[in-house]
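Subject: Handing over the structure

Hello,

Here is the structure I promised to pass on to you. Please have a look at it, and then read on for what turned up.

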Amino acid sequence: MKTVVTAQQMRDAERAVWDADPDVDLMTRAAAGVARVADEMAPEGPVLVVVGPGNNGGDGLFAAATLAESREVLLWLAAGRAHDEGLAAARSAGCREVGDPASARARLADASLVIDAFTGLGARPGLPPDVATFAAACEAWQVPVLAVDQPSGLGTDGGPVGHSFNATVTATFAARKPCHVVEPAASRCGDVVVQDIGVPVPATDLRILEESDLANWWPTPDAASDKYSRGVVLLDTGSERYAGAALLGISGALHAGAGMVRYAGGAPSGLVLGRFPSVVLGEGRAQAAVVGSGWGEPDEARMARAVELGLPLVVDADALGVLPDGGMEGWLLTPHAGELARLLGVGRDEVEADPLGAAREAARRHGATVLLKGAAQYVAEPSGRVTVAVRGPNWTAQAGSGDVLAGICGTLLAAGLPAWKAAAMGASVQALAAQRHPGPYPPDRLTEFLPTVVANLDA
Ligand SMILES: NC(=O)C1=CN([C@@H]2O[C@H](COP(=O)(O)OP(=O)(O)OC[C@H]3O[C@@H](n4cnc5c(N)ncnc54)[C@H](O)[C@@H]3O)[C@@H](O)[C@H]2O)[C@@H](O)CC1
Ligand SMILES: [K+]
């Protein structure tokens, strides 16, 4: 897993480094990393650096000084003032200044790269009008943008996105920040490159899962395993009308490696057994259950029966509308943004503007783990800890993906994994399947790739 640090956590970590060695020059290290990435992105042609008033601008100026040894570098001092030593270094290295916003925009015609060094950790969301116009012009002219630490205009800790740069690559330092991994900001960051500048990364309550974690944690049977020790998952999903949801969930559970799948839902049994002959019909011994997918409506009686099983539950779709008042410890709720908005009694746009905050709030209120599904997927625990799943291509945004995911998570819960791990690994393996098998596969076909993905997880 990779730790994600907030602006304050990063500043605290930097302070600790300075306290230990007041002479340490972090800016030179940061700037060297930026110059290296700039050369990789655009090996030749003029570079235009947008310089802000603080240390982010300082990074940009020292990087400019390095780049000016081998190519033309232009500076736009967009705040009218800049880091003194950085500016002196850039000037003496031969960087030239463009005087006003219009000249800066005009130079986009021949710039091979723009370096956005307007704001970083000290950013207030949004941009002054001249800088916003320039950022929009970079997009319109399709000039590659290298953002220093983060695209200016974003809040470092995420939140709603207004005017900002849209980076091709973001070179950040020590660790990713929330804006790099949480939507809607993350989509403005392009590829994120993390530069080691000698600042140790503290443990925090936000991290991203990696493929190697899946490789290390995926439950694999050994010689002593049987169906019960591998995990039996019970699905009470589907209905006459939405029988497909049952098939998709069962398929997810089976292809994720369940020891046994029991089915006790509303889909016709002939349909289920015709497609999946290993499924056992009816209730019985199990270690986890999946409820809600394809019910067609919130059903209190059905939910009450599920609660009586006394098992850790994956609660999906319609069952999210009939949650009990408490006692959900160890459960996993799997809402998409609309369902999470209903759970919290807020608008969907509020969830989309702050998905992390919304998922955390729902987990805290219900005392259960929450997997917020979508293009980026977040797993929030009641403690406030959040794990971001591996991201997949956008093809997976289709009807039926969620039913499959609930089944996968059910299998992982039944195998004994805690809810956060089951959720983060389930969401990630589905994303990896779509990544490895690109194209518009329907969810049932994509599910059939899961075993190959699991077998080839890269540690
Ligand atoms: N703190 C450190 O030691 C290090 C910092 N580094 C760099 O320094 C950055 C942080 O520097 P600072 O704390 O000086 O902060 P920034 O350079 O991010 O920005 C602060 C300045 O920008 C102005 N500003 C913020 N938002 C604005 C907006 N929306 N419109 C107009 N002006 C705005 C503020 O008034 C302030 O003058 C990091 O992001 C990183 O790039 C690196 O050199 C590594 C070491
Ligand atoms: K920046």
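Let me begin with a question: is Gly294 buried or exposed? Gly294 counts as buried, because it has 26 C-beta neighbours inside 10 Å. Here a residue is called buried if 20 or more other C-beta atoms lie within 10 Å of its own, exposed if 12 or fewer, and partly exposed in between, with C-beta atoms placed from the backbone.

Some ground rules before going further. This is a predicted model, in which local features need pLDDT of at least 70 and side-chain atom pairs count only at pLDDT 80 or more, while totals for chains, interfaces and linings use all residues. Residues are numbered from 1 along each chain as its sequence is written, and chains are lettered from A and ligands numbered from 1 in the order in which they are written. Helices (H or I, at least four residues) and strands (E, at least two) are DSSP runs, numbered from the N terminus.

**Annotated positions**

The unreviewed UniProt entry gives the annotation "binding site" to Ala245, Gly294, His336 and Asp403, and the record also places a "binding site" feature at Gly402. Please keep in mind that such annotations may be inferred rather than shown by experiment; their positions follow the numbering used here, and feature names are shortened.

Gly294 sits in the loop between β13 (288-291) and α12 (300-308). Apart from neighbours within four places in sequence, its contacts include Thr237, Gly238, Tyr242, Ala245 and Asp403. Two residues are in contact if their C-beta atoms, placed from the backbone, lie within 7 Å.

Ala245 belongs to helix α10 (residues 243-255). Ala245 counts as buried because 31 other C-beta atoms lie within 10 Å. Leaving out residues up to four places away in sequence, Ala245 touches Thr237, Gly238, Ser293, Gly294 and Asp403.

Gly402 is part of helix α16 (residues 401-414). With 26 other C-beta atoms within 10 Å, Gly402 is buried. Again setting aside residues up to four places away in sequence, Gly402 touches Ser293, Asp316, Ala317, Thr334, His336 and Lys373.

Helix α10 is largely enclosed by the rest of the structure, because 11 of its 13 residues are buried. Among them are Ala245, Ala246, Leu247, Leu248 and His255. The 13 residues of α10 should span 18 Å at 1.5 Å a residue, which agrees with the 19 Å between its end C-alpha atoms. The expected span is 1.5 Å times one less than the number of residues. After α10 comes Gly257, with a positive phi near 105 degrees.

Strand β10 (residues 232-236) runs parallel to β11, and four bridges join them. Two strands pair if DSSP finds at least two bridges between them. Leu235 stands opposite Tyr263 in β11. The chain crosses from β10 through α10 to β11 in a right-handed β-α-β crossover; right-handed means that, with the strands pointing away from the viewer, the path from the first strand over the helix to the second runs clockwise.

In strand β11 (residues 260-263), Met260 and Arg262 point one way and Val261 and Tyr263 the other way, and all are buried. β11 also pairs in the parallel sense with strand β12 (residues 280-281), over two bridges. There, Arg262 stands opposite Val280. The crossover from β11 through helix α11 (residues 269-275) to β12 is a right-handed β-α-β crossover.

**An open sheet**

There is an open sheet of seven strands, in the order β4-β3-β2-β5-β6-β7-β8, with parallel pairing. Its edge strands, β4 (96-97) and β8 (191-195), each pair on one side only. β4 runs parallel to strand β3 (residues 73-77), joined by two bridges, and Leu75 stands opposite Glu97 in β4.

**Around ligand 1**

Ligand 1 is surrounded by 24 residues, and the closest are Gly54, Asn55, Asn56, Gly120 and Gly122. A residue is near a molecule if its C-beta atom, placed from the backbone, lies within 6 Å of it. Both α2 (26-41) and α3 (55-67) supply at least two residues of this shell, and the largest share, four residues, comes from α3.

Last, Gln8 lies in helix α1 (residues 7-20). Gln8 counts as exposed, with 11 C-beta neighbours inside 10 Å. The C-alpha atoms of Gln8 and Gly54 are separated by 16 Å, the two being 46 residues apart along the chain.

Enjoy exploring!
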